[in-house]
Each structure stands twice: as structure tokens, then as C-alpha cells.
Amino acid sequence: MISAVIFDLDGVIVSTDEYHFRAWQELAKDLGVPFSREDNSRQRGVSRMESLEVLLEKSERSYTRDEKLALAEKKNMVYRELLAQLSPEEILPGAMEFAEESRKMGLKIAVGSSSRNTPFILKKIGLTDYFDAVADGNDIQRSKPDPQVFLIAAERLHTPPEKCLVIEDADAGVEAAKAGGMSALAVGAAKEHPNADIRAESLDGLRVAEIMGLLS
Ligand code: BG6
Ligand code: MG
């Protein structure tokens, strides 16, 4: 019986994908490294430093740890500039309805995101105090597909993992949820993930009551 819902942030609650893409693309251009949408899709759900490693796979030179930290910081500065224009209008269709219905059904709700920009993004979209708990990239040592971020969210909700439903748009996130012993609803880019318990195009039009029925 599910008693809590943990939402991934980027790609589930808010549409930041294009900003991530543009910021990584700018860095790739500076470094003279080819960078495609396909490379970008492999960065979905994983930490900033791991995302940088994806980009550097095509680089002809190697970088020291300090240089990599500087490159990640450079990307983040561009990303943060792009996020300046983020507003509640970029909340994805169906996300708030799903969260509201979850609440009405007595379920607890949390965010579980790899992003260290989570507090900033939640502020920009007016949801800082909306969730019962938030666990993000600032809390973890291991990023998805490791379940750490979701386990911290569950702990903050005082809910055992097997009673949590995770909503994810990243393959790494679906794998993290399952590794943590949770149920997974896969949407967007992860919508065909074979390990997901439920798959949907997006949250738009989904009814929480129906999803809970499918899981019980
Ligand atoms: C995830 C995104 O939510 O956060 C990844 O899907 C991103 O693409 C990761 O790399 C880390 O984000 P940030 O904001 O800490 O650079
Ligand atoms: Mg995501």
C-alpha cells in the first residue's frame, strides 16, 4: 500500500531539460568537443560531475580534477543564468494536479532530485515550502542509479521505501527507485523502461487513484 509519492524534479515537475542542454552545449563549443542530443539524454538524472564526464568522453585531451571542477562550475553559471527566466509557467502539465490529488488522498509528497540547484528551482517556481520533504544533490554522495537520494527522501517522510512511489523521467532514476525497493512510475524519456511498474507519456491526465489501483 503506497503512502508517499517522491517526485523527481527536472523533467517531472519542471521543464529544465532545454536549459541543461544549452548550457552543456555552450561548454562543449568552448572546448571544441562534439555534443549531441543523444549525449545530453545520457546526462539525464545523473550528477553534474558525471554529466561532465559524458561530455568529456569525446574530448581529445584529459583534464585534472580541479580543471573538471572549474568546467562544471562554468556550465552551472550558464545554466543558472538561463534559469533566471524560470517561472511557475514551466511547471509540467499534470504535475501539480498529481501532487494535489496525492495530498487529498492522504499521501505524503517529496522531491528526490540529483540537482544541487533544487532549492533555487523550487523557489523560482514558487514551491519552496510545498513538499513534505526535499532530498537533492546537496544531500548525497552517490547519484542515481544509486537509490541514496530516494532513501533520504523516504526517511524524511518517515515512510518505509516499499510504501513509496517514485515518479521519474530518467532511466537512471527508475533504476534508483527499484534499487531502493520502491515502486516506479516512468514518464517522458524513461517511459519505456522495462523495470518501471507503470509507464506513461507524462503526468498530464493521470489520476492518482487509478495509479494506486494498478499498484495494489
Ligand atoms: C538532474 C538532471 O535532475 O540533475 C541532470 O536530470 C543533471 O541532467 C543533474 O545533471 C544535476 O543537476 P545540477 O543542477 O546539480 O547541475
Ligand atoms: Mg529528471
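In the side chain of S51, an N or O atom sits 2.9 Å from an oxygen atom of ligand 1. This model is predicted. S51 is one of several residues with such a contact, as the table shows.

| Residue | Atom in the side chain | Distance to an oxygen atom of ligand 1 |
|---|---|---|
| D10 | polar atom | 2.6 Å |
| N117 | N or O atom | 2.7 Å |
| S51 | N or O atom | 2.9 Å |

The protein covers 97% of the 400 Å² of accessible area that ligand 1 has on its own.

Where does ligand 1 sit? The space taken by ligand 1 is the largest pocket. Around ligand 1 there are 15 residues. The closest are D10, R48, S115, R116 and N117. By class, the shell around ligand 1 holds 9 polar, 4 charged and 2 nonpolar residues.

Next comes the metal. Which residues coordinate the magnesium ion (ligand 2)? They are D8, D10 and D169. D8 and D169 each give an OD atom, while D10 gives its O atom. The distances run from 2.0 to 2.1 Å. Along the sequence, the spacing of these donor residues is D-x1-D-x158-D.

Are D8 and D10 buried or exposed? D8 has 4% relative accessibility, so D8 counts as buried. D10 has 14% relative accessibility, so D10 counts as buried too. The cut-off for buried is under 20%.

Notes
Residues are numbered from 1 along each chain as its sequence is written. Chains are lettered from A and ligands numbered from 1 in the order in which they are written. This is a predicted model: local features need pLDDT of at least 70, side-chain atom pairs count only at pLDDT 80 or more; totals for chains, interfaces and linings use all residues. Side-chain values use heavy atoms; hydrogens and water are left out. Donors are N, O and S atoms within 2.8 Å of the metal (3.2 Å for Na, K and Ca); water is not among the atoms, so sites may look incomplete. Buried means under 20% relative accessible area, exposed over 50%, partly exposed in between (1.4 Å probe, protein chains only). A residue is near a molecule or strand if one of its heavy atoms lies within 4 Å of it. A polar contact is a pair of N or O atoms within 3.5 Å; within protein, one must be able to donate a hydrogen and the other to accept it, and residues adjacent in sequence count only if both atoms are side-chain atoms. Accessible areas come from the Shrake-Rupley method with a 1.4 Å probe; for residues, only the protein chains shown count as cover. On a 1 Å grid over the protein atoms alone, a cavity is a set of points where a 1.4 Å probe fits but cannot get out, and a pocket is an open set with protein on both sides within 12 Å along at least five of seven lines; lining residues have an atom within 4 Å of a point. A molecule sits in a cavity or pocket if more than half of its atoms lie within 2 Å of its grid points. Ala, Val, Leu, Ile, Met, Phe, Trp, Tyr, Cys and Pro count as nonpolar, Asp, Glu, Lys and Arg as charged, and the others, Gly among them, as polar.
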